[in-house]
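Today I opened my notebook to look up charged side chains. Here is what I was working from.

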Amino acid sequence: MKPPSLEDCRLDESYFAGGDHIKAMVIIEDSILKQGKGNDLLGLLHFQQGSIFRAQARRTENSYVKFTFLLGSVECFAESEGFSSFTALSLFEMGQHLGSSMYYKKSVEKAKEYLSVLAELDELGPKEVKSQKDVERIIEDAESRIAGGKSLVASPIVRSEPKAKESKKNPDSKLRSFWRGLDDEFKRNFLKMEITKLISFVEAMYGKEGRDALDQVLTFARENRKWRFWMCRTCSKNFSSPEECKNHLGQEHAAEFKPSSTKDMPQTVSKVWGRKISVGGWDPVDAAAAVEMIKNRLQDVKAFAYENGWSKDWPLAIDEERISEHTLTTECRLVETPQSICFLEFRELNQILHFLRAIKGERDDGKNLVCKAVDSFWDGTVNVFDPNDYYANAQVHGDDILSWLADYSLGDEIFRFPKPIRTHNIDIWVAVLRAVQFTCRTLRTKYEKKLRMICYDAALIDANNLCIREDERRRNIPEDQWTLYASLLCDKCEENIRRDAGDSLTTKLSLCAVRDVLGGASQPTFDFTDLVDCRNLINGHKHISDDIVLKSINLLKSVVTYKVPLVDSKILLVENSRISLLKDLVSLSVFDYRSYILQPVKLYLEEELEDAAPPELLSEKKQEKEKKSGSKKRNHKSTKRTSASMSSHLDQDVEQAKEDSMELEDDTKGEKSLFEISSNTNNQEEATKDMQSMPREDLETVNGKAATRYNSALDMMLKSLCNIKVLKEDLVNNRKPFSDNQVPCALRDFFSAFVSEKIKEEELYGHLLSNLLASLEELHSLSSNAAEVLVAILEFCHCWKSPESESLVTRLFTLEEYERMSCRKCRRKPNYPEQSSYGIVMAADSIRDLECALGNIMFEDILKVIRMNNEMICDVGTGGCGERNLVHHTISRCPPIFTIVLEWEKNETEIEIYETTNALHWEIDISRLYEGLEPNTNYRLVSMIGCVEEGEYICMAYEKNRWVSRRHEASAEEVR
C-alpha cells in the first residue's frame with residue numbers, strides 16, 4: 001500500500017523536509033484533537049506521527065529513548081489494519097531490544113494480519129510485492145527467534161550522555177579580580193533583579209515574543225506563588241498538581257482503561273491482607289481435630305485470639321498430608337484470615353502451587369526502559385528558598401557566581417526561551433502517551449479475552465444444567481424415551497440461532513462451547529468463522545454417548561477455571577505497566593519556569609556586571625565577545641604558532657593557569673594535590689638517537705645518553721615532588737625513620753635536606769641527586785619513561801616507614817581501588833579484590849579527541865567518559881554469561897596526592913599537543929571518577945612534568961602564587 005502523506009491531511013509537508021519534527025508534531029496533535037474519533041483522516045494523522053517516531057528512533061543513540069519512540073510508533077500504526085506491516089516492523093525491533101518473545105509473537109501476529117489484507121486485493125503492485133516479501137522475512141526471523149526460546153539475547157543498551165554546548169567554565173581572570181574587589185553589600189544586591197529592567201532587557205533582546213513569554217512567567221509566579229506546573233502537551237491545559245494532571249490524561253486522552261462492569265475486574269489483595277500474608281507462620285493445621293473443636297467447643301473457637309490474622313490456638317498437623325476435606329464455617333472467622341489455607345489438603349495445596357508457578361511476577365514489556373528514557377529528559381526539581389533568608393545568608397567571598405554566569409550549557413539545546421512551552425519535550429511526551437495508550441489497548445484485548453472465557457464458561461454451565469435436568473426427567477420415564485445429552489445440546493444451539501441469527505457474542509460462544517464438547521476438544525476455542533460449518537459440525541455429533549459429553553464438559557470447565565485467574569494475573573501486570581508509564585508521563589509533564597528563564601536572566605546579570613565594571617575591563621571583555629561571536633567552540637586549528645618545541649605549548653598552558661590563579665592566597669595547607677606526568681611511550685631506541693648531549697660529564701659515564709635522559713627525568717621528578725606541601729608536612733611529622741638503618745643513606749640524606757630546606761643549595765642538591773641515582777641503579781633498570789621513573793622512586797621510598805604506621809608511599813600516594821560490575825544480563829555481581837596503584841594512566845589522544853568532540857567539558861568528565869569504555873566481561877569460567885558490562889570504580893580512601901599519567905603514543909603535531917593540554921584544568925573533582933566520595937572532593941594541580949623534543953624533561957610547579965618552569969641544570973624561571 002502507498003503510505004499516506006500529510007497532504008492528505010491538508011498539512012504542510014515542508015516541516016518534514018526542513019527537519020522541524022517538533023512543529024510537525026504540534027500540528028499533528030492539534031489536528032488529531034480537532035478531528036475527533038471516527039474521522040477518516042485520523043488514521044493518516046496517526047501514521048505520520050508514527051513515522052516521526054520511527055525517524056526519531058533512528059536518529060537517537062540512546063537505546064532507552066529509541067525503544068520509547070518505537071513503542072509510541074506501534075500505537076500510532078495500530079489505528080489501522082492497513083498499517084500492520086509498519087506495526088510488525090516496530091514490534092520486531094522492540095523484540096530485538098529486549099530479547100522478548102512477547103514482542104516477537106506480536107510482530108508475527110501483525111505481519112500475518114497484513115498478509116491477510118494483501119490476500120484480499122485482486123492484484124499486487126511492485127510496492128505491495130516488496131512489502132509482502134519484507135513481512136514474510138519478519139515472520140520467518142521472528143518465529144526462528146521464538147523457537148530459540150532461552151537463547152534470545154537483548155540488544156546491548158547504549159545510553160549517550162547529553163552533550164553540553166556553549167559552556168565556558170573559566171571567566172576572565174581580570175573580571176574575577178574585579179569581582180573580588182567589590183564589597184559584600186554590592187554582591188548581595190547584585191543577585192536581586194528589578195523586574196522592570198529585566199522586562200526591558202528581554203524585550204530588547206527577544207522582541208515582543210520574549211516580552212510576552214516573560215510576562216506569562218511573571219504573571220504565573222505572582223498569581224500562584226510558585227514556579228512549577230504540569231502541562232498536557234496535547235491540549236495545552238495546565239495543572240497545579242501531578243494528581244490533577246494524571247486524572248486529566250486518564251479521562252481526556254485515553255490513558256486509562258476500565259471494563260464496562262467492575263465485576264469483570266481482577267480481585268486484588270488489599271494492603272491489610274498483604275500484611276497478614278507476609279507475617280504468617282503458615283504451619284499446617286490438623287483439619288480433623290479443628291473440625292472436632294468446632295463441633296464440640298464452638299464458643300472456645302470463637303474466642304481464639306488473632307494477631308494480624310493468625311491464631312496460635314488451632315491444632316497443628318504432624319504429618320505432611322491433610323486428613324480430609326471439611327467445610328469451614330464463617331462463625332470461626334477463618335474466612336477473614338489467610339490461615340484458612342492451612343486447612344487445605346496436600347493435593348489442594350499442590351494445585352495452588354502449580355497455579356502460582358504459572359503466574360509471571362514481572363512483564364517483560366520494556367517499561368523500565370521507558371522510565372530510564374524519561375529520566376534522561378526530566379530536569380527534576382529545584383529547591384525553593386525564602387529569598388530574604390537566602391540573600392541575607394549568602395556567602396559572598398567566592399567567585400562561583402561568575403562561573404555560573406559563564407556556563408551556557410542548559411542541557412536542552414532544541415528548547416530555549418522564548419519558544420512556546422508546549423514544545424518542550426513534546427516528541428518524547430507524545431511517544432510516552434502513545435505507550436500508555438498501547439497498554440490500554442492491550443488491557444482491552446485481555447478483558448475481551450476474559451469476557452469470552454466467562455461467556456464460554458456460562459455456556460458450559462448451561463450445558464451441564466441441561467444434562468442435569470435431563471437426568472431428573474429420566475427418573476419418571478422409561479429408558480426408551482430418554483434423550484441423549486448431545487441431541488439436547490444440538491437442539492439448544494438451533495434455538496439460540498433462531499433467536500438472534502447467531503450474531504450475538506453469547507450465541508457464538510455457546511456454539512463454540514457445544515462444538516468443543518461434542519468434538520472432544522482439550523482446550524476451549526473461540527474462533528467462529530462460519531455459522532453453517534459450525535452447525536454442520538455440531539449436528540454431525542448428535543449421537544455420541546452421554547459419558548463422553550459429561551467428561552468433555554468437566555474437562556473444559558476445569559481448563560477455563562484455570563485460565564481465567566491466569567488472564568486476571570496478566571491483566572494486573574499490564575495495569576501495573578500502565579500505572580508505571582502514566583507516572584513517567586506525568587513526570588515529563590512538569591515544567592519549571594525557573595529553568596525556562598535561566599538563560600535571559602544570566603545574560604541580564606552579565607550585562608549588569610559589565611555596567612559596573614571599569615571601562616578598560618568592559619571594552620576588553622566586549623572585544624573578546626566579538627572575537628568569539630558566531631562560533632560555539634574554540635577553533636584550535638586556526639591558532640598560528642612559531643615555536644616547534646613541546647615545552648612552548650606546555651608553557652602557554654601553564655601561563656593561562658598562572659593568570660587564572662595569581663590572585664589566590666597561598667593557604668593550601670590540608671588541600672589535596674594533583675600531580676601530572678607527561679610520559680612519552682614512543683620507541684625508546686629512536687628517542688635515544690634524537691637526544692642531545694647534556695653537559696653533566698659525571699653522568700654521561702653511567703650509561704651514556706640513556707643515563708643522561710634518566711637523570712633529567714629523575715631530577716625533574718624530585719623537584720616536582722619537593723613542590724608538594726603535603727609531602728613535606730608528612731616528612732616533618734614522621735622524622736623517626738630518618739635514623740632507621742633500614743632506610744638507604746641516599747634516601748635519608750635527601751629527605752633530611754628537603755625538610756631542613758638545605759636542598760635549595762645547588763651543590764648539595766647535585767651531590768644528593770648523584771647518590772640517589774646510584775642507589776636506584778642498583779635496584780631498577782634505567783628508563784627514560786617519566787612514569788617508570790616515578791614508579792621507581794616510589795618503590796624505593798616504601799622503606800620509609802615506622803613500625804607504628806604504614807609507609808610514606810602507601811600513606812600519601814597509593815590509591816586503593818575496587819572495581820565492581822553488575823551484569824545487566826545475568827545479574828551476577830562478582831567481587832574483585834582491591835587493587836593498589838599510584839594513580840591513573842590515560843592516553844593523550846583519547847583526551848584530545850573528547851575535548852574536540854564535546855567542547856568545553858570538564859577534565860574529570862573526559863576521564864570519566866574514557867573509563868566508561870573499559871568494559872568488563874562477565875566471566876564465563878565462574879558461571880557468568882560473557883556479557884560486557886560497565887565497570888564501577890570506588891576507592892576506600894582519598895590519597896593526599898593524586899597522580900595522572902598522560903601517555904603520548906604518537907608523534908603528535910603542535911596543534912594536537914595544544915588541544916590535549918587545553919583539556920587540563922587547574923582543579924579536578926575526583927568524586928566524578930569514583931563512587932562513594934563526597935561531592936566536590938577537589939584536587940588542585942601543584943606540579944607537572946613534561947618532556948621537550950630534545951629528550952630533556954622539564955618541571956612546572958606552582959610556587960608563591962606563580963607558575964615556574966624548572967629545567968635540568970637551570971634555575972627556576974617564571975613562566976610567561
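Before anything else, I noted what a patch is: residues with over 30% relative accessible area and no salt bridge, with like charges joined within 9 Å. I also reminded myself that this is a predicted model.

**Entry: a positive patch.** I found a positive surface patch formed by Lys105, Lys360, Lys449 and Lys570. I picked out Lys360 and traced it to the loop between α15 (346-358) and α16 (367-377). Lys360 is exposed, with a relative accessible area of 62%.

**Entry: salt bridges.** Side chains of opposite charge can pair when their charged atoms come close. I looked up how many salt bridges the structure holds, and the total is 32.

**Entry: Arg441 and Glu75.** These two form a salt bridge, with their closest N and O atoms 3.0 Å apart. Arg441 sits in helix α19 (residues 426-474) and Glu75 in helix α4 (residues 63-77), so the pair ties together parts 366 residues apart in sequence. Is Glu75 buried or exposed? I read a relative accessibility of 6%, so Glu75 counts as buried. Arg441 is partly exposed, at 24%.

**Entry: Asp134 and Lys130.** I saw their side chains meet in a salt bridge, 3.1 Å from N to O. Both belong to helix α7 and are four residues apart, so about one helical turn separates them. Lys130 is exposed, with a relative accessible area of 53%, while Asp134 is partly exposed, at 26%.

Conventions. Residues numbered from 1 in each chain as written. Predicted model: local features only at pLDDT ≥ 70, side-chain atom pairs only at ≥ 80, totals over all residues. Heavy atoms only, no water. Patch = residues over 30% accessible without salt bridge, like charges linked within 9 Å, V, L, I, M, F, W, Y side chains within 5 Å. Areas by Shrake-Rupley, 256 points an atom, 1.4 Å probe, with all protein chains shown as cover. Salt bridge = Lys/Arg side-chain N within 4 Å of Asp/Glu carboxyl O. Lys, Arg positive; Asp, Glu negative; His and termini not counted. Charge placed at Lys NZ, Arg CZ, Asp CG, Glu CD. Helix = DSSP H or I, 4+ residues; strand = E, 2+ residues; numbered from the N terminus. Buried < 20%, exposed > 50% of the residue type's maximum accessible area, 1.4 Å probe, protein only.
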